[in-house]
Amino acid sequence: MILRASLAAAAAVLLAVLPLLVNDYVLSAILVPWLALALAASGQNIVTGYAGQLSVGSAAFMSVGAFAAYDVHLYVPGAPLLVAFAVGGIAAAAAGALFGLPSLRIRGFYLVVSTLAAQFFVEWLFTKVGWFSGNSASGVITAPPLRIAGIDLSSPSGHYWLALGVVAVLTVALRNIVQSRIGRSWMAVRDMETAAIVSGVETRRAKLLAFAVGAFYCGIAGALWAFAYLGTVEPHGFDLDRSFQVLFMAILGGLGRLTGPFLGAAFIVLFPIALDLAGARLGGGSVDPGLLQTLEKIVFGALVIFFLVKQPAGLARLVSASWIQLRRPETSP
């Protein structure tokens, strides 16, 4: 316990001093999207990792959060930024509960298909109904200037501090939730639903709550993605590929692990960059970018299959096991 607290404190200090150690490119192109995607993967992890419900609609809930936060800014002038984010998360939670209703009657493959409806419906809705994007002809929304209590957060370091603060608060909240009665009811449903019912767990409530809380996290992640990372986004930016990306992050990182989404998001963000650098170094800049993208998808697919079959606990389990192995000589007599 002391070791974990020490590691958490060290990670917090490292994240706090990073703006002093890295340039604006790393802050804007790597760290901010990593934090936003890690938060979205945390939402996916709530639904799939802790509650055991299959879903591929996380990008739809990110979209709801981004557009709802934008609409607050658009139609309620002067509304604080964090209030807009909160409304975005609540709107996404409502959508998550709505599209989680099928989980009360169906499961497995049929539930996956039903969550696909959320993905396609939300994308169609934001494309066809102009009110959500302020009647923009292209459906594109543009983030407002980022300010909190008069503090300007428009710089790359400001975007990073905003993303880090939001993700840190929600991660601590999630840690407390999964250790509470709510979290235990999710895990009871995941491990054996029949036994959970016999034990008095209200499984219907637990499932809907998992979908709502998971969608809330995805909604806030979508607002961060649109406001702090891209600055502008369209409905197609939250398509089915994004949903699968979030699902892969949760699986690679480790389902049911608090640190899993952060490790999975780090891999998803860093691997394409490492692949591009390797291609430039080995091929002298002559490697076809399309070939690298295809190779990237092949590696992701192979890793997802490997982790599902051989290591369901994902990178979080491998990191934990490696750390224990490194410490073993120190603790042995």
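**Close-up views of a predicted model**

View 1. Tyr75 counts as partly exposed, at 37% relative accessibility (buried means under 20% relative accessible area, exposed over 50%, and partly exposed in between, with a 1.4 Å probe and protein chains only). This is a predicted model, in which local features need pLDDT of at least 70 and side-chain atom pairs count only at pLDDT 80 or more, while totals for chains, interfaces and linings use all residues. Residues are numbered from 1 along each chain as its sequence is written, and side-chain values use heavy atoms, with hydrogens and water left out. Tyr75 is placed in helix H3 (helices, H or I of at least four residues, and strands, E of at least two, are DSSP runs numbered from the N terminus). Leaving aside neighbours within four places in sequence, Tyr75 is in contact with Trp131 and Gly134 (contact means heavy atoms within 4.5 Å). Tyr75 and Gly134 are 59 residues apart in sequence, and their C-alpha atoms are 8.7 Å apart in space.

**View 2. The crossing of helices H3 and H9.** The axes of H3 (residues 58–75) and H9 come within 6 Å and cross at roughly 60° (axes are lines fitted to C-alpha atoms, for helices over the stretch in contact, and angles run from 0 to 180 degrees between N-to-C directions). That angle makes H3 oblique to H9 (under 35 degrees counts as roughly parallel, over 145 as roughly antiparallel, 65 to 115 as roughly perpendicular, and the rest as oblique). Residues of H3 that meet H9 include Phe61, Met62 and Tyr70, and those of H9 include Cys218, Trp225 and Phe227. By class, this contact of H3 with H9 has 12 nonpolar, 4 polar and no charged residues (Ala, Val, Leu, Ile, Met, Phe, Trp, Tyr, Cys and Pro count as nonpolar, Asp, Glu, Lys and Arg as charged, and the others, Gly among them, as polar).

**View 3. The salt bridge of Glu193 and Lys207.** Glu193 forms a salt bridge with Lys207, and the closest N and O atoms are 2.9 Å apart (a salt bridge is a side-chain nitrogen of Lys or Arg within 4 Å of a carboxyl oxygen of Asp or Glu). Glu193 lies in helix H8 (residues 193–198) and Lys207 in helix H9 (residues 203–230), so the pair ties together parts that are 14 residues apart in sequence. Glu193 is buried at 17% relative accessibility, and Lys207 is buried at 5%.

**View 4. The salt bridge of Asp191 and Arg190.** The count by this rule comes to 2 salt bridges. In one of them, Asp191 pairs with Arg190, with 3.0 Å between the closest N and O atoms. Asp191 is exposed at 55% relative accessibility, whereas Arg190 is partly exposed at 32%.
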